[in-house]
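Biologist: Please show me the model, and I will ask how its labels were reached.

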Amino acid sequence: MTQRIAVHTRLKAGRESDYDRVHATIPPELAERLRAAGVTNWRIWRSGRDLFHEIEVEDYRAMRRALANDPVNLAWQARMAELLEVEDDYSGEDDGLPLVWSLA
């Protein structure tokens, strides 16, 4: 069963256009690593500096463990650390944001 995970991150002030430009296309090898780790889709919405991610993945925690020391992901996370208020080191055992309500 696929998990649908929501995550919130926040950009550093003034980095909105940089983030949009960087995410216009992600490196093909990163997309390959994400898919290999069980990600079937990853969407990001931006409202000002706030980023809202929706991740469809086989197992969110397993995906994070698989990518924690992956050199392609580490390079991408280093790039994102320049733009985000809080960098993600993939060390947590989080489950994303809790679902509060659904019309389904």
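Predicted model: local features only at pLDDT ≥ 70, side-chain atom pairs only at ≥ 80, totals over all residues.

Biologist: What makes strand 1 and strand 3 a pair?

Modeller: Pairing needs at least two bridges, and 8 bridges join strand 1 to strand 3 (residues 50-57), so the two count as paired. I5 has I55 as its bridge partner, and A6 has E54. The two strands run antiparallel.

Biologist: How do you know that strand 2 and strand 3 pair?

Modeller: By the same cut-off of at least two bridges: strand 2 and strand 3 have 8 bridges in the antiparallel sense, therefore they pair. I44 is partnered with H53 in strand 3. The two strands form a hairpin with 2 residues between them, and G48 in the turn has a positive phi of about 60°.

Biologist: Why are strand 1 and strand 2 called edge strands?

Modeller: The open sheet has the order 1-3-2. Strand 1 (3-10) and strand 2 (39-47) each pair on one side only. The twist averages 15° from one strand to the next.

Biologist: What does helix 1 touch?

Modeller: Helix 1 (residues 16-23) packs on the sheet and touches strand 2 and strand 3. The direction of helix 1 makes about 155° with that of strand 2.

Biologist: Why is W101 called exposed?

Modeller: Exposed means over 50% relative accessible area; W101 has 63%, so W101 counts as exposed. W101 lies in the segment after helix 4 (71-81). With V100 and L103, W101 makes a nonpolar surface patch of about 470 Å².

Definitions and conventions
Residues numbered from 1 in each chain as written. Heavy atoms only, no water. Helix = DSSP H or I, 4+ residues; strand = E, 2+ residues; numbered from the N terminus. Axes fitted to C-alpha atoms, helices over the stretch in contact; angles between N-to-C directions. Contact = heavy atoms within 4.5 Å. Patch = residues over 30% accessible without salt bridge, like charges linked within 9 Å, V, L, I, M, F, W, Y side chains within 5 Å. Areas by Shrake-Rupley, 256 points an atom, 1.4 Å probe, with all protein chains shown as cover. Salt bridge = Lys/Arg side-chain N within 4 Å of Asp/Glu carboxyl O. Buried < 20%, exposed > 50% of the residue type's maximum accessible area, 1.4 Å probe, protein only.
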